[in-house]
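Hello,

Here is the structure I promised to pass on to you. Please open it first, and then read my notes alongside it.

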Amino acid sequence: MTADPTYGLNDNLKQRQGTGAVTYSRVSGRWNTGDVPRPWYAQVNHPNHRGKLSMHLGTTAVRLDAPSTGSSISATLTPVAGDRTSGDWSSIALARSANSWGYVSNQDIDLGFLVRANGGVQVFQAGKSVANLPSFASSKSDGSFDVTLTPAGSTLGLSVNGTRKTITLGTAVPTDRLWIYLGRYSDNNRTVSLVDDLRVERMNSDDLRKLPGSQLRYYGYFGARLNAAGGNHLPEVRGRSNLNWVQISDFDAYRPEVLRDCAPAGCVVHTGNEFFDCDAAGCPLHPNAAERWEVLASKVRPYLDRVAGFVLQDEPFHHGARFADVEFSAQRIKNTFPDRKVMLIEAGIRVDDAFTVPAAVDWVGFDEYCTGYEALDARMTKLAERAPGKELFLLPEAAPQSWCADRTDADLESTQYLYMALARQHPAFVGIMVFGPWTGVGPAATGPGTPVPSKFPRATAAQERVAALVLGDARLLG
């Protein structure tokens, strides 16, 4: 899916790459700035370029998030789709730094290669040209080139659409740990460059793998579908989640068809509207709560294979609900669907020495936004103490909240990794459900309002990395 904010870059990697899949990060691609272009500059599976990495709107690049440890790299590069005469180019750059901007002739590039739409080829090392080969190869009819690079000590074996040459390099290219950057350079915002059939001989992707013995196995988003006005965001997170919070009951109608966008057993359905009538004065049960629940249950049944469980009223005790009423709703759900999970999400401030969880509840999470390590660590310890035997969840924020509206994209990026680090230290926590990024007050620079996910590219990239670590082998499900 080419959906904001990720535009498919890391969606369904196992299907695209097989076992040992590797995620991608967007980088500048320019020689003079490290500023990363907007997410839509680099997309995967654009409707006009199915199954390919497409680069739009000028110059950009992406980095593979694991280093190559082999010697051979090949790919089909199309510098300008449908054009065989332009001087614009596509590139492969290899660097010992994972923090390069990805521009082929910058000094931190150990080996840079570019091919122009007109068939010209250049090779660079550490900012210097080592080969300039105009009209080296003819493109295919679609403007593409099959490229293979094989560094071997101080030589480079080069093949472009069957034309081969051995190039003498200035210095030997290390092959033990090189980061791969795929880029494109163009001043024409209307053209598109493509990358397909990328093959790397060997990679060390240990840092992207689920740690041995990790208890984490769920990753998803709270509010993936809130109501009709808020939109259905399940397609946006399909490639990087396996458990998402959804609501299918609106004030005017039920929308069970939303569940079609859930992965198998990939959603938890909110039940608060059916059981509770919450307002500023309290949170009592509806007099006909049982009947209201049966209506929701009937709407869900045709899509039950998509449902992992049901979520109780959000933060019920914080909103004034009685324990007996929460217990009633949990047991009613369990009686109806005994093989589905019942989930309780409570405000962190209510997780104290008096906090108690109904027996019918399987999963318990808490939210406590805009807070730091010590406070979160203490709350997690308390929740594990007060909910023994339950599987526990964290809910990190993905957008600024009203009481911390000054949070930046970099702050939110750090938040994702903070929660991941904490989850690893508390074995009772099995999942992370990100709050947002469609909830909150939006970027401070644009004023209050609904957050725009594309304004948080660093936080979004962090979520993709955490999802890969939680789900294991970068198998981003959906």
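This is a predicted model: local features need pLDDT of at least 70, side-chain atom pairs count only at pLDDT 80 or more; totals for chains, interfaces and linings use all residues.

How many residues of H7 are buried? The count is 12 of 15, so this helix is largely enclosed by the rest of the structure.

Next, the partners of helix H6. Two packed helices are described by the angle between their axes and the distance between those axes. For H6 and H7 (residues 457-471), the axes come within 7 Å and cross at roughly 20 degrees. Angles under 35 degrees count as roughly parallel, and that makes H6 roughly parallel to H7. The crossing of H6 past H7 is right-handed. On the H6 side, the residues that meet H7 are Asp409, Ala410, Leu412, Glu413, Gln416, Tyr417, Met420 and Arg424. Their counterparts in H7 include Pro457, Arg458, Ala462, Arg465, Val466 and Leu469. Sorted by class, this contact has 10 nonpolar, 2 polar and 5 charged residues.

H6 (residues 409-425) also packs with H5 (residues 373-386): here the axes come within 11 Å and cross at roughly 35 degrees. H5 passes H6 in a right-handed crossing. Tyr373, Leu376, Asp377 and Met380 of H5 meet Leu418, Tyr419, Leu422, Ala423 and Gln425 of H6. The residues of that contact divide into 7 nonpolar, 1 polar and 1 charged.

Is Leu394 buried or exposed? Its relative accessible area is 0%, so Leu394 is buried. Leaving aside neighbours within four places in sequence, Leu394 is in contact with Phe366, Met380, Tyr419, Ala423, Phe429, Gly431, Ile432 and Met433. Met380 belongs to H5, while Tyr419 and Ala423 belong to H6. As for Thr191, which is 203 residues from Leu394 along the chain, the C-alpha atoms of the two are separated by 43 Å.

Finally, some backbone details. Most residues other than glycine have a negative phi, and most peptide bonds are trans.

- Gly436 and Pro437 are joined by a cis peptide bond, with omega about 10 degrees. You will find Pro437 in the loop between strand E22 (429-435) and H7.
- Ala126 is not a glycine, yet has a positive phi of about 50 degrees. Ala126 sits in the loop between strand E8 (121-125) and strand E9 (128-133), and at 42% relative accessibility counts as partly exposed.
- Ser135, another residue other than glycine, has a positive phi near 50 degrees. Ser135 is in the loop between E9 and strand E10 (145-152), and is exposed, with a relative accessible area of 63%.

How values were computed
Residues are numbered from 1 along each chain as its sequence is written. Side-chain values use heavy atoms; hydrogens and water are left out. Axes are lines fitted to C-alpha atoms, for helices over the stretch in contact, and angles run from 0 to 180 degrees between N-to-C directions. Helices (H or I, at least four residues) and strands (E, at least two) are DSSP runs, numbered from the N terminus. A crossing is left-handed if the near helix is turned anticlockwise from the far one by less than a right angle, and right-handed if clockwise. Contact means heavy atoms within 4.5 Å. Ala, Val, Leu, Ile, Met, Phe, Trp, Tyr, Cys and Pro count as nonpolar, Asp, Glu, Lys and Arg as charged, and the others, Gly among them, as polar. Angles under 35 degrees count as roughly parallel, over 145 as roughly antiparallel, 65 to 115 as roughly perpendicular and the rest as oblique. Buried means under 20% relative accessible area, exposed over 50%, partly exposed in between (1.4 Å probe, protein chains only).
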